[in-house]
Amino acid sequence: MLCTRLTNARFVTMDPAHPVAHDLGIWKGRIVGLDEAVTSLPAREVIDLQGATVLPGFIDAHVHLAWTGFKQNTPSIAGRTRIDDVLAVVEEAVLRKGPPGAWVSIAGYDQRALGRHLTAAELDRVSHGRKVFVLHDSGHGCVVNTAVLDLLPAGVPHEDGFLAEGAMGAARALRLPYSQEELAEAIGRAARTCVAEGVTACAEAGIGGALFGHSPVELGAYQLAREKGLLPLRVQLMVAADRLRPVAAHEADGIPRALDLGLRTGFGDDWLSVGALKIYTDGGMMARTAALSSPYEGLDHTGQLQDDPETLTETIVAGHLAGWQLAVHAIGDRAADVALDALERAQRLRPRHGVRHRVEHAGLIRPDQLSRFARLGVSAVVQPNFLRYFGDDYAAIMGEERAPWLYRGRAFLDHGITLVGSSDRPVTDGSPLRAVQFMVERASESGQVIGPDEGITVEEALRAYTVAGAYACHWEGSAGSLSPGKRADLVVLGDDPRRVDTSRIGDIEVVATYVDGRDRRDGGPEGGEGKP
């Protein structure tokens, strides 16, 4: 007997062996068959989906759940365009926050809305003895007041209180880490938001690190979230590369650096597992710290690498030798050169087939770099909504020649490179459907078309968020398509993205999100069909 049979729907399976179906059977959280194979079988529950369209659950291959959850509960200055209005929000938050000496966090900072960066002196006027930390929306910078600057180690660079990349990490290190309880609650809030948008699985893009980590025991917070029933979706955890340390492993293992106990990609189960090793090579385009091979338009600099190229290469090679899948953050084309050079060197030293190293963002990729991606078998994990929301700015700072190279689609596919969709939530909107719409249209919110030749079909865009996402996370045996034997992870939509006008794709209603055969939009925890 089936646990559940879903009927009267258009199942777009993403499986070429059975592309479309009308019935789907579920037993103990797995898909057991389609159409005639299940139509006549008895089922404990038969759900009439009333003609809805059903797709494999969306896989967001690059998110920041804890950051998303904390941001949702943090005072924000988003949308403010006047310095005085920003400072008023900061002062209101300061006056609500504990005794003098307490830390006050502010979200939603983007200097582009203000025309310049805030300064420490301006924050000092409204700090009232607190330590103020204003996080840039990109996650690659912050502005702090003098009370924080005075605590930083000597030599940490800043510009009137603005700290970028490693300097920001030094400021974050001054703060006590969040408790695992706080982290688990934040993770749960973010997970529920993902599920509401049809996401059934995601890859958390870096835990435990100086740049984006929230605690040295952050992995334990995800375990706690699972134990407390706060994870309604599957999570794969990328570990920050600065967690690696020298190990006295056997010479035959050839492992120079590793996590304790040799933990690496693949540890865990269907709900919570360890994924790739996250390595940062540069910063972000919003903060103008993405490393380019020629200057930003109108500026006299080319961004910055996180470290010298040889040090970055050594980290990438060490991760490869330790058996990790690598997720190398590289937004600018100069950073991509460093990443590709290092990955090529690593494969020369120890060839590993099927490792599926990834370049996260691949924001600006020159034409000559495409063949290198393909030759190395590296996936491009892109964030289409970056251009949907920030595209006008990004196109302006790249200039006419480079703008078409931003967050490519068609060129990756034409070169045989796996194109993977993701959000980088909470940097911008996390909706997969709105991202799919952009991948086809290539239009920013203002209507500007950026790199029209990079547009792809709706089917290809959906594949980036299903089949390709599963491949990038080594989940293709259990997710990414509605195929017998795979997990019953699926999203029920109010319309078919392939049949509506492209301009309407982003507004399609997410009716239900099934994980393990159960609708999780009510925030229900793990425990699939047939489990007690």
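**Local structure of the predicted model**

The buried residues of helix H11 are covered by elements that include helix H10 (309–321), strand S18 (326–330) and helix H12 (367–376). The structure described here is a predicted model. Helix H11 itself spans residues 333–349, which makes 17 residues. From its first C-alpha to its last, H11 reaches 24 Å, close to the 24 Å expected at 1.5 Å a residue. The buried residues of H11 are Asp 333, Ala 335, Ala 336, Val 338, Ala 339, Leu 340, Ala 342, Leu 343, Ala 346 and Gln 347. An α-helix has 3.6 residues a turn, so residues three or four places apart point the same way.

Strand S14 was examined next. This strand covers residues 234–240, and because 7 of its 7 residues are buried, S14 is largely enclosed by the rest of the structure.

Strands of a sheet pair through backbone hydrogen bonds, either parallel or antiparallel. In the case of S14, strand S13 (residues 199–207) is one partner; the two run parallel and are joined by 5 bridges. Within this pair, Ile 207 stands opposite Val 239 of S14. The strands S13 and S14 also belong, together with helix H9 (residues 218–227), to a β-α-β unit, and this unit is right-handed. Strand S17 (residues 272–280) is another partner of S14, again in the parallel sense and over 5 bridges.

Trp 103 has Lys 131 of S10 standing opposite.

Two residues with polar side-chain contacts to histidine were considered individually. Gln 111 is placed in helix H4 (residues 111–114). Its relative accessibility is 9%, so Gln 111 counts as buried. The side chain of Gln 111 makes a polar contact, at 2.7 Å, with the side chain of His 136. Apart from neighbours within four places in sequence, Gln 111 is in contact with Arg 116, His 117, His 136 and Met 286. Between the C-alpha atoms of Gln 111 and Leu 272, which are 161 residues apart along the chain, the separation is 37 Å.

His 361 is placed in strand S19 (residues 358–361). With a relative accessibility of 2%, His 361 is under the 20% limit and therefore counts as buried. The side chains of His 361 and His 329 make a polar contact (3.2 Å). When neighbours within four places in sequence are left aside, the residues in contact with His 361 are His 62, His 329, Ala 330, Ile 331, Val 381, Val 382, Gln 383, Phe 386, Tyr 407 and Asp 424.

The backbone was also examined at individual positions. Ala 362 lies in the loop between S19 and H12. Phi of Ala 362 is near 45 degrees, which is a positive value in a residue other than glycine. Ala 362 has a relative accessible area of 0% and is therefore buried. A positive phi, of about 60 degrees, is also found at Met 14, although Met 14 is not a glycine. Met 14 is located in the loop between strand S2 (10–12) and strand S3 (20–21). At 18% relative accessibility, Met 14 counts as buried because the cut-off is under 20%. Finally, the peptide bond that joins Arg 425 and Pro 426 is cis, with omega about 10 degrees. The loop that holds Pro 426 is the one between strand S21 (419–421) and helix H15 (432–441).

Technical notes: Residues are numbered from 1 along each chain as its sequence is written. This is a predicted model: local features need pLDDT of at least 70, side-chain atom pairs count only at pLDDT 80 or more; totals for chains, interfaces and linings use all residues. Side-chain values use heavy atoms; hydrogens and water are left out. Buried means under 20% relative accessible area, exposed over 50%, partly exposed in between (1.4 Å probe, protein chains only). Helices (H or I, at least four residues) and strands (E, at least two) are DSSP runs, numbered from the N terminus. Two strands pair if DSSP finds at least two bridges between them. A crossover is right-handed if, with the strands pointing away from the viewer, the path from the first strand over the helix to the second runs clockwise. The expected span of a helix is 1.5 Å times one less than its number of residues. Contact means heavy atoms within 4.5 Å. A polar contact is a pair of N or O atoms within 3.5 Å; within protein, one must be able to donate a hydrogen and the other to accept it, and residues adjacent in sequence count only if both atoms are side-chain atoms.
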